[in-house]
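Please take a moment to look at the sequence and the structure before I go through the side-chain contacts.

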Amino acid sequence: MPLVWALRAMQAAAVLLPPVLLVVDAPFGKLGRASAWNVHGNGAWMAMELVAPCALLANAYARGALAWPTQALVALFVLHYVNRAVYQPWRNPPRSPLHLSVVLSAMAFNLVNGTLLGAWLAHGGTTHHGSVWTGVGVALFALGLWGNMHHDARLRRLRIGAPAPGEPVVQGRAATYRIPRGALFEWVSYPNYLCEWIEWSGYAIACVSSVPHTRAPWYDYPPVLFVVLEVAVMLPRAVRGHRWYHAQFGAAYPAERRAAVPYIV
């Protein structure tokens with residue numbers, strides 16, 4: 001029963017959060033603000049992100065060993081968070097402070113999401129081997145993960161490199177901002193968000209095609225719901241951040257660039 005209520009809470013969040021986040025900025029990064037409730041950026045980021053793989057592992061293996069295809073899906077999930085929670089903070093310059101509300105809400109989300117996904121993987125039927133759709137899903141996951149890392153690396157070089165003479169620069173509260181260029185940055189302001197949606201869409205395809213479950217509405221499948229929640233939370237953030245870029249850089253910011261999806265939004 002607790003898992004059912006957790007699933008319903010995530011479904012409600014997917015509906016209720018987008019309109020709120022279109023008018024309220026989550027206080028971190030370029031949209032952060034000074035507060036006595038801010039905490040160390042890198043440390044808090046690592047702590048809140050590591051909750052997800054820990055929760056998934058605890059629930060996926062609660063009933064014992066898993067078939068190797070399911071173990072591979074677990075490994076892909078953990079790989080994403082090793083990059084997000086360990087590699088990125090280690091490689092990147094110090095992150096801006098995070099408001100405690102952001103950290104606690106992210107921990108709650110990651111705990112519930114990891115629990116639902118882990119339990120769903122553990123309670124599946126006999127795993128299918130070698131499905132074409134599984135291959136498509138894994139390929140999309142790999143493409144999205146690579147794209148995410150590639151665009152994060154471009155942002156990292158902007159933060160550690162010196163601006164070119166005459167290059168527009170904006171001094172934020174805790175970091176200096178420049179206009180990202182190259183790859184998907186030529187089309188959107190947040191290509192790392194787009195790549196993460198591709199990554200988790202591929203993961204959902206791989207999960208649903210290879211781990212049998214009783215037929216249910218799409219919103220009852222945790223891997224699919226995860227993608228919906230990612231877009232529900234991150235797209236409003238991308239739209240608000242895109243407006244921030246235009247407001248701060250004015251005419252210097254590419255007018256044709258969209259927020260997160262080329263030519264659309």
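**Side chains that meet**

Arg 8 has a relative accessible area of 38% and is therefore partly exposed; buried means under 20% relative accessible area, exposed over 50%, and partly exposed in between, with a 1.4 Å probe and protein chains only. Before I continue, please note that this is a predicted model, in which local features need pLDDT of at least 70 and side-chain atom pairs count only at pLDDT 80 or more, while totals for chains, interfaces and linings use all residues. Residues are numbered from 1 along each chain as its sequence is written, and side-chain values use heavy atoms, with hydrogens and water left out.

Which residue does Arg 8 meet in a salt bridge? The partner of Arg 8 is Asp 220, at 3.0 Å from N to O. A salt bridge here is a side-chain nitrogen of Lys or Arg within 4 Å of a carboxyl oxygen of Asp or Glu. Arg 8 belongs to helix H1 (residues 2-21) and Asp 220 to the loop between H6 and H7, so this pair ties together parts that are 212 residues apart in sequence. Helices (H or I, at least four residues) and strands (E, at least two) are DSSP runs, numbered from the N terminus. Side chains of opposite charge can pair when their charged atoms come close.

In total, the structure holds five salt bridges. Another of them joins Glu 49 and Arg 84, with the closest N and O atoms 2.6 Å apart. Glu 49 is in helix H2 and Arg 84 in helix H3, 35 residues apart, and the pair links distant parts of the chain. Are these two residues buried or exposed? Glu 49 is buried, at 5% relative accessible area, and Arg 84 also counts as buried, at 18%.

A further salt bridge connects Arg 178 with Glu 167, the closest N and O atoms being 2.9 Å apart. Arg 178 lies in the loop between strand S4 (176-177) and H6, and Glu 167 in the loop between H5 and strand S3 (170-171), so the pair ties together parts 11 residues apart in sequence. Arg 178 counts as buried, at 11% relative accessibility, whereas Glu 167 is partly exposed, at 23%. Salt bridges that share partners also join Glu 49, Arg 84 and Glu 196 into one network.

I turn now to the nonpolar core, meaning a set of buried Ala, Val, Leu, Ile, Met, Phe, Trp, Tyr and Cys residues joined through side-chain atoms within 4.5 Å. The largest has 24 residues, of which Leu 73, Phe 77, Leu 121, Trp 200 and Tyr 203 touch the most other members. Among the elements that give two or more residues to this core are helix H3 (68-91), helix H4 (100-122) and helix H6 (191-210). Apart from it lies another core, of 18 residues, including Ile 179 and Met 234.

Finally, the aromatic rings. A search of the whole structure finds 19 aromatic pairs; rings of Phe, Tyr and Trp (its six-membered ring) pair if their centres lie within 6.5 Å, and planes under 30 degrees apart count as stacked, over 60 as edge-to-face and the rest as tilted. Tyr 81 and Trp 200 form a tilted pair, 6.3 Å centre to centre with 35° between the planes. Tyr 81 lies in helix H3 and Trp 200 in helix H6, so the pair ties together parts 119 residues apart in sequence. Both Tyr 81 and Trp 200 are buried.
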